[in-house]
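Me: I'd like to go through the charged contacts in this one with you, and then a bit of the surface. Can you take it step by step?

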Amino acid sequence: MAHEGTIAYIEDIARHEGERVVIRGWLHARRSSGRIHFLTIRDGSGFIQAVMSKAAVDEPSFLRADHLTQETALIVSGTVRADGRAPGGFELDVAALEVVGESADYPITPKEHGVDYLMDRRHLWIRSERQSAVLRVRAEVVSAVRAFFDDRGFVLADAPIFTPAACEGTTTLFPVRYFDDATAYLTQSGQLYNEANAMALGRVYCFGPTFRAEKSKTRRHLSEFWMVEPEVAYATLDDIVELAEDLVVSVVARVLERRQPELRRLERDTSKLELVRKPFPRITYDEAVAILNGKGQRFEWGGDFGAPDETLLASAFERPVAVTHYPSAVKAFYMEPAPGRPEVALCVDVLAPEGYGEIIGGSQRIADYDLLVRRIQEHGLPPEAFQWYLDLRRYGSVPHGGFGMGIERVVAWICGLDHLREAIPYPRTLNRLYP
RNA sequence: UCCUCAGUAGCUCAAUGGCAGAGCAUCCGGCUGUUAACCGGAGGGUUGUAGGUUCGAGUCCUACCUGAGGAGCCA
């Protein structure tokens, strides 16, 4: 049974209406009705229903199709036909079918499965309609982030993964043996190196995996996650907030423009995403505390917001909200104090709507040498580890700032996921290191 | 680290302390438009582990193991 036609991908199928095409993929699902088989084929770019009627193919092919199992690799060829009954608008009338690879007892059936079961089979789960849609959105988010910075004159200057000590000192680090008798730590942020890079290159960003050994067990945490971190020389807090705003708007717009089929498959209410435009509401920490207390959430000035506080705060707005000027005491050691009000920092958190919480955290950095030394001491950090960082304040120090945006949180928000583990191909969590 | 919940067929789940069950998946048969198709039939069990209470434990008690959600911390 020879194949005729041009090799096509399902996402481009509309361009081939009426033509004879060859699709190379896998069997996603099969339904049968005596003299007609319905085969849902996936090829990585999309899903399409292939219709095989008994009259159109030879007898052995028809019988064979009735016994194809889920995820059998196959090549089908036939004619593309527009059909209002098909979810994608098109179907394929099969003329020839060839099995490339068998698949016996595929473990993920079209019925329900538990989280642990699916996570143990993550390498197969990503073949599903929903998971593959999320990963395609993720790729678009990453692409949009890179395009945003590249188009604005930012230089990609990556930070190391192996680091000699804590960047912020507070969170737990993953130690790894570094050659014979040294200990390195997996990075939890590229920021300090980013600051050095900004002094060299002006506007920079780094983008890579970061690691946190926090024993968090929630839907908002991973022990390995991807973060993009811009850093800008001569930037003030206002510049940083505006940059964060522009980035989020740009990423959401790009996904809306290019990933509608995926968002539909995820049943995402895109009207909420359409609202993500400039300007975002900006409030100070003081105002945020007042909002919380006004909503009946008793919150005392001075603490950091918990997840329920963030959700309640964000629910007061339909766009992402930028919260600035947190108490210095709950923030990192390198944040610049506000002029005339040193108990608060020139920092910003951007909270996503719909309960997704903090997606961005950033600040203006301390430019003054003496103040930075004092802060390092106050936080009990080892001064010798920060000598290179202090050099940045010894040699031509300038005001500067930046932020970090967690990619998985952004993907989870845009896709409407209820857990970060679906926003990355192979999530690493407290209890998950396989596959 | 703490709090709460859950482990029964390949999967998702039932089962007043009293015969171990259903749906799906698999296999066989039927059906010309199915969308988690449908209809009929068959096979499929060391109830997470170790003890204990009881005439009798999937069910009650103790310890442990595994997982989930949340807190703290963070993106």
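Me: Where do Asp-391 and Arg-394 lie, and how many residues apart are they?
Reply: In this predicted model, Asp-391 and Arg-394 both belong to helix α12, which covers residues 387-394, and they are 3 residues apart, about one turn of the helix. Their side chains form a salt bridge in which the closest N and O atoms are 2.6 Å apart.

Me: Which residues are joined into one network by salt bridges that share partners?
Reply: That network is made of Glu-11, Arg-136, Glu-140, Arg-254, Arg-258, Arg-259 and Glu-262. One of the pairs is Glu-140 with Arg-258, whose side chains meet in a salt bridge at 3.8 Å, N to O.

Me: OK, stepping back, how many salt bridges does the structure hold?
Reply: The structure holds 33 salt bridges. Among them is the one between Asp-116 and Arg-432, where the closest N and O atoms are 2.9 Å apart.

Me: How many residues apart in sequence are the parts that this pair, Asp-116 and Arg-432, ties together?
Reply: They are 316 residues apart in sequence, because Asp-116 lies in helix α2 (residues 115-120) while Arg-432 lies in the segment after α13 (407-415).

Me: And why does Arg-432 count as buried?
Reply: Its relative accessibility is 10%, and buried means under 20% relative accessible area, so Arg-432 falls within that class.

Me: Where does Phe-179 lie, and is Phe-179 buried or exposed?
Reply: Phe-179 is in the loop between β9 (175-178) and β10 (182-186). With a relative accessible area of 67%, Phe-179 is exposed, since exposed means over 50%.

Notes: Residues are numbered from 1 along each chain as its sequence is written. Chains are lettered from A and ligands numbered from 1 in the order in which they are written. This is a predicted model: local features need pLDDT of at least 70, side-chain atom pairs count only at pLDDT 80 or more; totals for chains, interfaces and linings use all residues. Side-chain values use heavy atoms; hydrogens and water are left out. A salt bridge is a side-chain nitrogen of Lys or Arg within 4 Å of a carboxyl oxygen of Asp or Glu. Helices (H or I, at least four residues) and strands (E, at least two) are DSSP runs, numbered from the N terminus. Buried means under 20% relative accessible area, exposed over 50%, partly exposed in between (1.4 Å probe, protein chains only).
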